[in-house]
Amino acid sequence: WPESNWTSPQEFVILGFSGWPQGVRVLLFALLLPLYLATLAGNLLILGLALVDPALHTPMYFFLGALSAVEAAYTLVLTPRMLAGFLLPPGGQAVAPSTCAAQMGLFVALGGSECLLLASMALDRYLAICHPLYYPQLMTTSLCWGLLASCCVGGSILALGLTTAVFQLPFCRGGLVNHVFCDLPAVLVLACGNRDLQEHVLLAACLLLLVLPLIMILLSYTRVLVVILGVGDAAGRRKAFNTVASHLTVAVLHYGCATAMYARPLSSRSLEEDKLVSLIYINITPLLYPAIYTLRNRDMQGALQRVVGQRTPGL
């Protein structure tokens, strides 16, 4: 496009699945709304139990509660607007550029914070199992809050940098965002001018935030598994193994989806395929996290029974 024809759109239009038949969109809404409510309820339940039950006032459940809070906020940023899009008339949802930038920034900030939180959880389990004698002195309350603050600040700085890098470009290809939200690649393809810098920044951020922490997590849990198999009785090994398996499953799901979605150049991706895949990582994957932590975790099950028992003393 010649520079003389570059114009920034006054609004962006999130197309979503507006081109699909209305019956299919209504069916998707009916299927995905219960999943969203279950995801939100599950994360809020974990957060509530981690706050109110004294037995869960440990570093592991501190980070688990923080992770659930981030997940709840993540779904609130993306899912309601996506669900509303299924019921709106064809043509997509019009949003102001500032709204689009805010949604992108919040999505990146929350996703980045979650990546760093998973790494912090791996560090906590590594210290607890591999250095149990020094664990109480090392993983103090102040260190937990410091790690949580670092995760949030790191995700926010990343979001500010990426969002600024994308929205400083002119958008001369119109404002039709072929996605269910203002995702980075879907907005970046609308930009004109030299997009190499922005794309390189995106790939570098993926390397720093996805690949390196995942390597650290895998190495930490590998060391943890070696220690678990070598010491302790069968019951202790089983409990520790179940905890590590839950954490590792969530980490692989999160990092795997994120790496598959964002660690690719624009030239090798299909926005239509990305849009379909987004239905999985927005609706299905977040639902698995509370299910994994609550169904496989006896401490969470015990805390839930104690809370329910306190509220129903006659039963």
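Phe107 has a relative accessibility of 9% and therefore counts as buried (under 20% relative accessible area, with exposed meaning over 50% and partly exposed in between, for a 1.4 Å probe and protein chains only). The structure is a predicted model, in which local features need pLDDT of at least 70 and side-chain atom pairs count only at pLDDT 80 or more, while totals for chains, interfaces and linings use all residues. Residues are numbered from 1 along each chain as its sequence is written, and side-chain values use heavy atoms, with hydrogens and water left out.

Aromatic pairs were assigned where the ring centres of Phe, Tyr and Trp (its six-membered ring) lie within 6.5 Å, with planes under 30 degrees apart counted as stacked, over 60 as edge-to-face and the rest as tilted; the count comes to seven aromatic pairs. The ring centres of Phe17 and Trp20 are 4.6 Å apart and their planes stand at 65°, so this pair is edge-to-face. Phe17 is buried at 3% relative accessibility, whereas Trp20, at 31%, is partly exposed. The pair of Tyr74 and Phe107 is tilted, at 5.8 Å centre to centre and 35° between the planes. Because Tyr74 lies in helix α2 (residues 59-87) and Phe107 in helix α3 (residues 97-130), this pair ties together parts that are 33 residues apart in sequence; helices are DSSP runs (H or I, at least four residues) numbered from the N terminus. Tyr74 is likewise buried, with a relative accessible area of 8%.

Definitions and conventions
Helices (H or I, at least four residues) and strands (E, at least two) are DSSP runs, numbered from the N terminus.
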